Amino acid sequence: EKRKGVPVMVERSVAERIARDAAEALTLTGLETYLSLRRKVVFQLVRGNIIPAWVIGGAKGQHGYLFRKAEITKWLDDFLAGAPMLHIKPRGAVSLADAPHDCRIPATALFGAIARRQIRVWGVLGGDRNLRNVFVDAGEVSSFRGTLGSTASKS
């Protein structure tokens with residue numbers, strides 16, 4: 001029975017795993033840095049259940065968001081599966097980190113379209129696998145953005 005102020009028994013192995021996860025966890029700020037995304041975009045993706053969160057942030061002053069680094073790494077690998085390595089930035093490409101702002105498209109719609117393979121990732125520039133080095137076609141993103149209004153009116 002759960003009661004406020006009453007201790008709860010937890011197996012040692014579970015407590016050790018939770019402690020390990022907490023020690024390696026990324027905060028919202030850490031996730032921004034790890035993915036090279038703006039806070040607003042990260043927050044939209046987390047709230048849209050696109051990025052896996054371990055602990056969802058609570059009311060102001062209670063607790064913040066936490067992300068298991070291994071889950072984020074796996075999400076990023078799955079998200080970028082099949083994306084080729086690039087040696088130069090392609091003409092007409094926009095960084096995935098900049099695309100929501102530059103192409104005026106909601107981050108959840110853009111990342112969802114990429115996950116469904118409706119928008120193709122052109123590739124990853126260099127060795128760092130963060131979203132600042134991932135490129136998509138700006139024209140393709142803008143065209144997709146144009147379908148969002150017509151899709152919404154049909155629903």
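In the predicted model, Val-124 stands opposite Val-134 in strand 4. Val-124 itself belongs to strand 3, where Met-85 faces Val-124 as well. A further pairing places Val-121 opposite Val-136 in strand 4.

Strand 3 covers residues 121-125 and strand 4 covers residues 134-137. The two run antiparallel and are joined by three bridges. Strand 1 meets strand 3 in another way: the pair is parallel, over two bridges. Strand 3 is mostly covered, with four of its five residues buried.

Helix packing was examined next. Helix 3 spans residues 39-47 and helix 6 spans residues 107-115. The two pack at an angle of about 65 degrees. Their axes lie 9 Å apart. The crossing of helix 3 and helix 6 is right-handed. On the helix 3 side, the contact is made by Val-41, Gln-44 and Leu-45. On the helix 6 side, Ala-107, Thr-108 and Phe-111 take part. Of the residues in this contact, four are nonpolar and two are polar. None is charged.

Charged pairs occur elsewhere. A search of the whole structure finds eight salt bridges. One of them joins Arg-12 to Glu-16, with the closest N and O atoms 3.0 Å apart. Both residues lie in helix 1 (residues 12-24). They are four residues apart, about one turn of the helix. Arg-12 is exposed, at a relative accessible area of 65%. Glu-16 counts as partly exposed, at 41% relative accessibility.

The side chains of Asp-78 and Lys-74 meet in a salt bridge at 2.7 Å, N to O. Asp-78 has a relative accessible area of 42% and is partly exposed.

A further salt bridge links two loops. The side chains of Asp-98 and Arg-132 meet at 3.0 Å, N to O. Asp-98 lies in the loop between strand 2 and helix 5 (99-102), and Arg-132 in the loop between strand 3 and strand 4, so the pair ties together parts that are 34 residues apart in sequence. Asp-98 has a relative accessible area of 19%; it is therefore buried, since the cut-off for that class is under 20%. Arg-132 is partly exposed, with a relative accessible area of 35%.

Salt bridges also form a network. Arg-17, Asp-21, Arg-68 and Glu-71 are linked in this way. Of these, Arg-17 and Asp-21 fall within the limits of helix 1, residues 12-24.

Conventions
Residues are numbered from 1 along each chain as its sequence is written. This is a predicted model: local features need pLDDT of at least 70, side-chain atom pairs count only at pLDDT 80 or more; totals for chains, interfaces and linings use all residues. Side-chain values use heavy atoms; hydrogens and water are left out. Axes are lines fitted to C-alpha atoms, for helices over the stretch in contact, and angles run from 0 to 180 degrees between N-to-C directions. A crossing is left-handed if the near helix is turned anticlockwise from the far one by less than a right angle, and right-handed if clockwise. Contact means heavy atoms within 4.5 Å. Ala, Val, Leu, Ile, Met, Phe, Trp, Tyr, Cys and Pro count as nonpolar, Asp, Glu, Lys and Arg as charged, and the others, Gly among them, as polar. Two strands pair if DSSP finds at least two bridges between them. A salt bridge is a side-chain nitrogen of Lys or Arg within 4 Å of a carboxyl oxygen of Asp or Glu. Buried means under 20% relative accessible area, exposed over 50%, partly exposed in between (1.4 Å probe, protein chains only).
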